[in-house]
Amino acid sequence: MLLKTEVLNSYEITKKFGICDTRAMRKKAQEVMKRMGVNIPINAVMSDLSVGQQQMVEICKALMVDAKVLIMDEPTAALTQSETEGLFRLINDLRKKGVSIVYISHRMEEIFELCDRITILRDGTYVGTEYIKDINMDDIVRMMIGREIGERYPKRENITLGIAGSESNQFAFKLVGRGNFCRVPIPAIMLVAALMIFFFVLNKTTFGRKIYATGSNAKCAKLVGVNITKTKIIVYAISGFMSALTGLILISRLDSAQPTLGDGYELDAIAAVALGGTSMSGGRGKITGTIAGVLIIAVLNNGMNLLEVSSYYQDVIKAVVILVAVLSDRKR
């Protein structure tokens with residue numbers, strides 16, 4: 001879709017017999033775009049424009065009809081600094097010409113810079129309207145949350161992580177995620193230790209043989225005397241312990257705790273194991289293969305982040321990787 005079609009369709013100048021005066025419409029559009037500081041060819045294709053440029057075009061369309069009331073909902077969210085400055089200049093010009101503007105934004109500095117009055121809603125309910133000159137940030141926050149707040153931006157050390165005890169205990173907690181030994185990160189040492197332990201357990205102990213037997217064919221394992229219930233409970237307990245340890249490392253590294261901190265990690269774990277050659281039907285798999293799978297997933301994640309692939313598409317790609325691994329496993 002051409003830019004001129006987008007802008008010109010919002011404002012028609014006609015000659016006799018209802019024929020559109022394209023030249024006058026183009027001139028009007030160019031005047032509006034010049035006022036906005038929009039440096040875009042009039043015949044540009046909309047799909048080739050950035051999100052910020054497309055938003056500026058939408059604002060130009062509203063200005064083409066000489067509207068008396070404009071509603072702008074987060075207009076600067078996708079704009080560059082120069083585009084934002086141009087929009088602010090235009091808003092001030094429109095205000096001087098008597099145009100009323102309803103400006104919706106979560107950026108308080110913009111509200112204080114542009115607006116004459118502020119209306120606050122909380123949970124969809126009208127709270128109040130005040131003149132900007134008669135209100136400050138603390139008043140706005142109080143009206144937004146419905147109570148007094150002593151400190152909007154608490155100091156970092158006041159964000160508690162539930163760590164009780166002496167300073168040595170707190171040091172030990174931080175050491176788990178951010179410490180190092182001989183320049184080797186502690187989490188990396190813990191990873192190598194865990195891999196060595198699990199390699200030994202799976203390959204050199206009777207419990208490891210029971211795990212393979214239970215995963216391969218639980219009924220046959222039970223017939224030969226394996227307590228499959230006990231084996232499964234122990235395996236699940238180990239899995240839970242390793243998940244808790246991972247969470248502890250993450251909290252230590254980030255200095256904050258969130259209940260959704262590990263969302264999506266289970267998909268990475270399944271993909272890594274599947275790529276490493278572990279059978280999804282059970283009974284076959286190696287630690288060395290899982291290490292290779294982990295490295296592949298790590299490279300894949302970093303590559304997609306560098307390419308700015310959406311997180312939703314990243315999950316889809318990982319799901320495809322798992323699907324391919326499962327299908328190849330069934331053919332073996």
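This note goes through salt bridges in the predicted model shown above.

1. The model is predicted, so local features need pLDDT of at least 70 and side-chain atom pairs count only at pLDDT 80 or more, whereas totals for chains, interfaces and linings use all residues. Residues are numbered from 1 along each chain as its sequence is written, and side-chain values use heavy atoms, with hydrogens and water left out.

2. The structure holds four salt bridges, a salt bridge being a side-chain nitrogen of Lys or Arg within 4 Å of a carboxyl oxygen of Asp or Glu.

3. One of them joins Asp116 to Arg95, with 3.5 Å between the closest N and O atoms. This pair links distant parts of the chain, 21 residues apart: Arg95 belongs to helix H4 (residues 81–96), while Asp116 sits in the loop between helix H5 (108–114) and strand S3 (117–122). Helices (H or I, at least four residues) and strands (E, at least two) are DSSP runs, numbered from the N terminus. Asp116 is partly exposed at 49% relative accessibility, and Arg95 is also partly exposed, at 32%; the term covers values between buried (under 20% relative accessible area) and exposed (over 50%), with a 1.4 Å probe and protein chains only.

4. In another salt bridge, Lys133 pairs with Asp134, the closest N and O atoms again lying 3.5 Å apart. Lys133 counts as exposed because its relative accessibility is 70%.

5. Within helix H6 (residues 137–145), Arg142 and Asp139 lie three residues apart, about one turn of the helix, and their side chains form a salt bridge at 3.9 Å, N to O. Arg142 has 31% relative accessibility and is partly exposed, as is Asp139 with a relative accessible area of 24%.
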